[in-house]
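Let us take a friendly walk through a protein structure together. Keep the picture beside the text as you read.

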Amino acid sequence: MIENVHFVKSIFDIEGELCMVPNFLGRSPFYVACQKQNMEILDIFKDWKSKAIVVQDYSGENMLFVCAREGNVEMFHWF
(Lines give C-alpha, C1' and ligand atoms only; values in the text may rest on other atoms or scores of the structure.)
Protein backbone atom coordinates (compact mmCIF):
# COMPACT_ATOMS: atom_id res chain seq x y z
CA MET A 1 0.00 0.00 0.00
CA ILE A 2 2.82 2.43 0.83
CA GLU A 3 4.19 2.16 -2.70
CA ASN A 4 0.79 3.18 -4.03
CA VAL A 5 0.69 6.21 -1.73
CA HIS A 6 4.12 7.34 -2.96
CA PHE A 7 2.98 6.87 -6.55
CA VAL A 8 -0.17 8.91 -5.95
CA LYS A 9 1.81 11.63 -4.16
CA SER A 10 4.31 11.91 -7.02
CA ILE A 11 1.50 12.39 -9.56
CA PHE A 12 -0.53 14.87 -7.53
CA ASP A 13 2.51 16.90 -6.48
CA ILE A 14 2.88 17.71 -10.18
CA GLU A 15 -0.80 18.01 -11.20
CA GLY A 16 -2.85 18.44 -8.02
CA GLU A 17 -6.09 19.29 -9.80
CA LEU A 18 -6.23 15.75 -11.20
CA CYS A 19 -7.69 14.65 -7.86
CA MET A 20 -10.88 16.46 -8.94
CA VAL A 21 -11.28 14.92 -12.41
CA PRO A 22 -14.32 12.60 -12.45
CA ASN A 23 -14.69 9.28 -14.21
CA PHE A 24 -17.84 8.31 -16.16
CA LEU A 25 -19.73 7.84 -12.87
CA GLY A 26 -18.82 11.33 -11.69
CA ARG A 27 -16.37 9.97 -9.13
CA SER A 28 -12.99 11.62 -8.80
CA PRO A 29 -9.88 10.14 -7.18
CA PHE A 30 -10.82 12.26 -4.16
CA TYR A 31 -14.27 10.63 -4.04
CA VAL A 32 -12.80 7.13 -4.37
CA ALA A 33 -10.29 7.81 -1.57
CA CYS A 34 -13.32 8.68 0.61
CA GLN A 35 -15.11 5.49 -0.42
CA LYS A 36 -12.02 3.45 0.43
CA GLN A 37 -11.58 5.45 3.67
CA ASN A 38 -7.94 6.02 2.79
CA MET A 39 -6.77 8.88 4.99
CA GLU A 40 -3.21 8.70 3.61
CA ILE A 41 -4.48 9.53 0.13
CA LEU A 42 -6.91 12.14 1.45
CA ASP A 43 -4.02 13.90 3.18
CA ILE A 44 -2.29 14.14 -0.21
CA PHE A 45 -5.43 15.81 -1.59
CA LYS A 46 -5.98 18.10 1.45
CA ASP A 47 -5.38 21.32 -0.47
CA TRP A 48 -8.43 20.53 -2.60
CA LYS A 49 -10.92 19.52 0.10
CA SER A 50 -12.78 22.85 0.18
CA LYS A 51 -13.53 22.43 -3.53
CA ALA A 52 -14.13 18.69 -3.34
CA ILE A 53 -16.83 18.94 -0.70
CA VAL A 54 -19.25 20.68 -3.08
CA VAL A 55 -18.67 18.31 -6.01
CA GLN A 56 -21.33 15.65 -6.49
CA ASP A 57 -21.26 12.36 -8.34
CA TYR A 58 -24.03 11.46 -10.80
CA SER A 59 -26.19 10.26 -7.89
CA GLY A 60 -25.98 13.67 -6.24
CA GLU A 61 -23.70 12.49 -3.43
CA ASN A 62 -20.72 14.49 -2.25
CA MET A 63 -17.82 13.49 0.02
CA LEU A 64 -19.85 14.02 3.21
CA PHE A 65 -22.48 11.54 2.02
CA VAL A 66 -19.72 8.97 1.58
CA CYS A 67 -18.28 9.67 5.04
CA ALA A 68 -21.71 9.39 6.65
CA ARG A 69 -22.63 6.22 4.76
CA GLU A 70 -19.37 4.57 5.78
CA GLY A 71 -19.80 5.77 9.37
CA ASN A 72 -16.31 7.26 9.40
CA VAL A 73 -16.45 10.07 11.96
CA GLU A 74 -12.71 10.85 11.65
CA MET A 75 -13.02 11.35 7.92
CA PHE A 76 -16.20 13.41 8.33
CA HIS A 77 -14.44 15.77 10.77
CA TRP A 78 -11.42 15.97 8.45
CA PHE A 79 -13.63 17.83 5.98
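What follows looks at a cavity, a helix and a few loop residues.

This is a predicted model, in which local features need pLDDT of at least 70, side-chain atom pairs count only at pLDDT 80 or more, and totals for chains, interfaces and linings use all residues. Residues are numbered from 1 along each chain as its sequence is written, and side-chain values use heavy atoms, with hydrogens and water left out.

## The cavity

Rolling a probe the size of a water molecule over the atoms shows where empty space is left. A cavity here is a set of points on a 1 Å grid over the protein atoms alone where a 1.4 Å probe fits but cannot get out. Searching the whole structure turns up 1 cavity of 30 Å³ or more. The largest cavity has a volume of about 40 Å³, a volume being the space filled by probe spheres set on the points, which are joined across faces, edges and corners.

Which residues line the largest cavity? They are Gly26, Arg27, Ser28, Tyr31, Val55, Gln56, Asp57 and Met63, where a lining residue has an atom within 4 Å of a point. This lining divides into 3 nonpolar, 3 polar and 2 charged residues. In this scheme Ala, Val, Leu, Ile, Met, Phe, Trp, Tyr, Cys and Pro are nonpolar, Asp, Glu, Lys and Arg are charged, and the others, Gly among them, are polar.

Asp57 sits in the loop between H4 and H5; helices are DSSP runs (H or I, at least four residues) numbered from the N terminus. Is Asp57 buried or exposed? Asp57 counts as buried because its relative accessibility is 5%. Buried means under 20% relative accessible area, exposed over 50%, and partly exposed in between (1.4 Å probe, protein chains only).

Leaving aside neighbours within four places in sequence, Asp57 is in contact (heavy atoms within 4.5 Å) with Leu25, Gly26, Arg27 and Tyr31. Leu25 lies in the loop between helix H1 (2–14) and H2, and also touches Tyr58. The C-alpha atoms of Leu25 and Tyr58 are separated by 6.0 Å, although the two are 33 residues apart along the chain.

The table gathers some polar contacts: pairs of N or O atoms within 3.5 Å, where, within protein, one must be able to donate a hydrogen and the other to accept it, and residues adjacent in sequence count only if both atoms are side-chain atoms.

| From | To | Distance |
|---|---|---|
| Asp57 side chain | Arg27 side chain | 3.5 Å |
| Asp57 side chain | Tyr31 side chain | 2.8 Å |
| Asn38 side chain | Ile41 backbone nitrogen | 3.0 Å |

## Helix H5

In helix H5 (residues 63–70), Met63, Val66 and Cys67 are buried. These three lie on the same side of H5 because they cover an arc of only 100° around the axis, taken from the directions from the helix axis to the C-beta atoms. Among what covers the buried residues of H5 are helix H2 (29–35), helix H4 (49–52) and helix H6 (73–78).

At the start of H5, a side-chain oxygen of Asn62 comes to within 3.0 Å of the backbone nitrogen of Leu64. Just after H5, Gly71 has a positive phi of about 70°.

## Between H2 and H3

Most residues other than glycine have a negative phi. Gln37, in the loop between H2 and helix H3 (39–44), has a positive phi near 55°. Gln37 counts as partly exposed, at 31% relative accessibility. Asn38 is found in the loop between H2 and H3, and is buried with a relative accessible area of 12%.

Terms used
On a 1 Å grid over the protein atoms alone, a cavity is a set of points where a 1.4 Å probe fits but cannot get out, and a pocket is an open set with protein on both sides within 12 Å along at least five of seven lines; lining residues have an atom within 4 Å of a point. Helices (H or I, at least four residues) and strands (E, at least two) are DSSP runs, numbered from the N terminus.
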